[in-house]
Amino acid sequence: MMHGIFIATSPTYSTAEYGGGAGNTGCAAVQVALMTERINRLRRGHFSMHAGDRHGHRGLQCLISRRRRLLSYLRKRRLIMYAMVVNRLGLRR
């Protein structure tokens, strides 16, 4: 594994599944799906190699709290969309 090289990957979740249109990335459901993918990629990839990266852990916690706030927004405003997102992503909520 080469250190210091960032390889951009395309998201596995399509925005059409969660937000209606192909380019609609502003929908809360799409943002939750993209954040979940980014959180999982950080947990499985980066932190398995760099367990002592405390600054990275803080960034991860910020991502998790932002996702939690978006999920609470969905739960309050669009309950059906919230249930669909949680089921598709396999979140514990």
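Is Glu17 buried or exposed, or does Glu17 count as partly exposed? With a relative accessibility of 38%, Glu17 counts as partly exposed. The cut-offs behind those words are simple: buried means under 20% relative accessible area, exposed means over 50%, and partly exposed is what falls in between (1.4 Å probe, protein chains only).

Before we go on, a word on what you're looking at. This is a predicted model, where local features need pLDDT of at least 70 and side-chain atom pairs count only at pLDDT 80 or more, while totals for chains, interfaces and linings use all residues. Residues are numbered from 1 along each chain as its sequence is written, and side-chain values use heavy atoms, leaving out hydrogens and water.

Now for the overall layout. The protein has four helices and zero strands, so reading along the sequence gives α-α-α-α, with helices (H or I, at least four residues) and strands (E, at least two) taken as DSSP runs and numbered from the N terminus. Of the 93 residues in the protein, 31% are buried.

Let's start with helix H1, which covers residues 15-19. Thr15 counts as buried because its relative accessibility is 13%. Both residues have a partner further along the chain. Thr15 and Ala29 are 14 residues apart in sequence, with 8.9 Å between their C-alpha atoms. For Glu17 and Val30, the gap is 13 residues in sequence and 8.2 Å in space, again C-alpha to C-alpha.

Ala29 turns up again in the middle of things. The largest nonpolar core has 22 residues, and Ala29 is among those with the most contacts inside it, along with Tyr18, Val32, Leu71, Leu74, Val85 and Leu89. H2, H3 and helix H4 (79-89) are the elements that give two or more residues to this core. The largest share, eight residues, comes from H2. Such a core is a set of buried Ala, Val, Leu, Ile, Met, Phe, Trp, Tyr and Cys residues joined through side-chain atoms within 4.5 Å. In soluble globular proteins, nonpolar side chains tend to be buried together.

Helix H2 (28-49) and helix H3 (54-77) each supply at least two residues of the patch, and H3 gives the largest share, three residues. Arg41 is in helix H2, and it counts as partly exposed because its relative accessibility is 39%.

Arg43 lies in helix H2 and is partly exposed, at 45% relative accessibility. Its C-alpha atom is separated by 8.5 Å from that of Leu60, 17 residues apart along the chain. Gly59 belongs to helix H3 and counts as partly exposed because its relative accessible area is 35%. Gly59 and Ile39 are 20 residues apart in sequence and 9.9 Å apart in space, C-alpha to C-alpha.
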